[in-house]
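Reader: Hey, I've just opened this one and I'm new to it. Can you walk me through it?

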Amino acid sequence: MSDAVHVEIERKYDVDGQASLPRLNGVGGVAQVRYRPPVALEAVYFDTVDRDLSASGVTLRRRTGGTDAGWHVKIKSGEHRLELQSPLGTEDCADVAPGPEGVRVPDRILDLVQVHVRGKSLGPIARLNTLRSVVDLMDFHGRQLAEVCDDQVAAMSVGFRSESRVQHWREWEVEVVDADLLDSALKVREVAGQGPTPEGASGGEGRPAGGPAGAGDGAPAGADGSAAREAPTEEPASGTVRFLDAVGKVLQDSGARPSAAGSKVEKVVGKAADPLDPQGGDAPEGTTPGLHAVLTKTVRAQMKVLKGWDPLVRRDVEDSIHQFRVVCRTLRSTLQAYAPLLDPDATAGVNKDLRTLGRLLSVARDAEVVRDQVDEKVEDLPGGADGPVAARVPGKTVKRLRKVKADEYATAHDKLLKRMRTQWYFDVMDRLDAYARDVPLHPEVDEARAADAAGTLEPLAAEQVDAVLELAERAAAEEDPEHRIELMHEVRKEAKRLRYAVKAVQDATGLDLGAHLVARMKTAKKLQEALGEHRDSIMFQEHVLQTAKKAAKAGEDTFGYGVLFAAEFGLQRRTEERASTLVEHLAQAHGE
């Protein structure tokens, strides 16, 4: 087993000791089954004395035996879990002393959970011995869809917890092996960014609870100019869900019961309470959450996602730095857009921390963006990568352009990781946690405004639309090309702030901020994307120009750089025109 990150899609069932695993041929597309011989597994689970990992929905274990022996870090995100695996190294292939107390978590694994433990010691909390029998579920082509594990478990708490009696139980576990075959593969970044989604929250980007999918985004309008009402339709279950439902029904018909515990170790030591649980501050049923509850829940939900991306950044998973930076910006956008409602002293410190962290991420992210653009830009030349125009761009030119930014990214990523392994980073996380635990309102917010979250937040979000339009007007009137480009970048940031501030509240709470504001947010997203293309093109052009100068000094042919440089002007003109049109739409809609 090599270092890997994947999405774990499984269901667990409790079952009596004498139950027999039913035949699953023909269930959910299963054409044949394959029985493996039983294997003995031993796992030691780790946590801090305060159970910080458990409270955050993170599991850390060291397993021996079976095909996936090694260190496993599992991170709960929404209905799924991300699993980071690493094989046992030479330094931890054997216990240094008998029993779990002799097992030490190696630094490379400890690094993956530091965002939660922040320098605290980890010790064993439980030891599980499992006799596992596996049945592979195959399709008609002999491809493995899933596996059903029949586990007989003996477990006890250990380490700094008082020694407990040995517990015995049996469970069945259905885990999807190839979601692509079931037509519903999940990407790591999709699951990592889920976070807790409340009942009734937006099902799509920026869509309010119960609203039609197209409302405010090109949907047909009614006679009064409002979005036409459509009956909300329930999306069909994915192939994976249908498959798991079918297999689960057969298992339950044979006496299995869905497990209430999220993992085996929870059955031994229980689940620790999360002081930053976004659902912890929910208003009583039948009541409307107030401003404090809405903002606290929103910040907590983003902090949950932020911590989920931390280990993926450390593993250098594709797109992880970008997503980590998006969460930082979403938090900042939320605090800035609703600043008049928040305690200024407490919020200023948190904003400063987020800004510093964002700048660290930006260096690596900008290099990553330009690096990944190189091949795309060659593909976009007339005739494609094999066309006559691309033939004018030597392979050496493409290689140099890519390598310069790849080296910049590697250097910036290393610098970022060094900062993330310092006490400064732990202190930043401590301050963010303290803020999220109880988001402080401005002392001048009266009871009436505090009670009406939607009515209080909506005008501030609308003011953000004004900020976008004001900057866009300045950019359009600016005659200096360089200054105009910078103003366009500021327009993009203001549009992004509007989108993030509205979406963060909706995703975390399902609060209805009004169809008109949601429609403005969607237009702002399109504007942000158009200006993002423009900004990326400018960055790529600057990279081409600087690299061409170095190539010229080395005596290389620079004609290919000129081809790539000139090709960007058309894209920049088109994105500017699209942005101008979107600004007009935003202004017209905002003036209704």
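This is a predicted model: local features need pLDDT of at least 70, side-chain atom pairs count only at pLDDT 80 or more; totals for chains, interfaces and linings use all residues.

Reader: OK, zooming out. How many helices and strands are in the chain?

Author: The chain has 16 helices and eleven strands.

Reader: What share of the residues is buried?

Author: Of the chain's 592 residues, 49% count as buried. As for the surface, the chain exposes about 27900 Å², and 50% of that is supplied by carbon and sulfur atoms.

Reader: What about contacts, how many join residues at least 24 apart?

Author: If you take contacts between residues at least 6 apart in sequence, 75% of them join residues at least 24 apart.

Reader: Switching to helices. At what angle do helix 10 and helix 15 cross?

Author: At roughly 110°, and their axes come within 10 Å. Helix 10 covers residues 395-420 and helix 15 covers residues 515-553. The two helices are therefore roughly perpendicular to each other.

Reader: Which residues make that contact?

Author: From helix 10 you have Arg400, Leu401, Val404 and Lys405. Helix 15 brings in His543, Val544, Thr547, Lys550 and Ala551.

Reader: And by class, what does the contact of helix 10 with helix 15 have?

Author: There are four nonpolar, two polar and three charged residues in it.

Reader: New topic: where is Gln302?

Author: Gln302 sits in helix 7, which runs over residues 291-314. Gln302 is buried, because its relative accessible area is 14% and buried means under 20%.

Reader: What is Gln302 in contact with?

Author: Setting aside neighbours within four places in sequence, Gln302 is in contact with Val327, Thr330, Leu331 and Ala504.

Reader: Last one. Where does Ser580 lie?

Author: Ser580 is part of helix 16, residues 559-590. With a relative accessible area of 37%, Ser580 is partly exposed.

Reader: And how far apart are Ser580 and Ala476?

Author: In sequence they are 104 residues apart, while in space the separation is 8.4 Å, C-alpha to C-alpha.

How values were computed:
Residues are numbered from 1 along each chain as its sequence is written. Side-chain values use heavy atoms; hydrogens and water are left out. Helices (H or I, at least four residues) and strands (E, at least two) are DSSP runs, numbered from the N terminus. Buried means under 20% relative accessible area, exposed over 50%, partly exposed in between (1.4 Å probe, protein chains only). Contact means heavy atoms within 4.5 Å. Accessible areas come from the Shrake-Rupley method with a 1.4 Å probe; for residues, only the protein chains shown count as cover. Axes are lines fitted to C-alpha atoms, for helices over the stretch in contact, and angles run from 0 to 180 degrees between N-to-C directions. Angles under 35 degrees count as roughly parallel, over 145 as roughly antiparallel, 65 to 115 as roughly perpendicular and the rest as oblique. Ala, Val, Leu, Ile, Met, Phe, Trp, Tyr, Cys and Pro count as nonpolar, Asp, Glu, Lys and Arg as charged, and the others, Gly among them, as polar.
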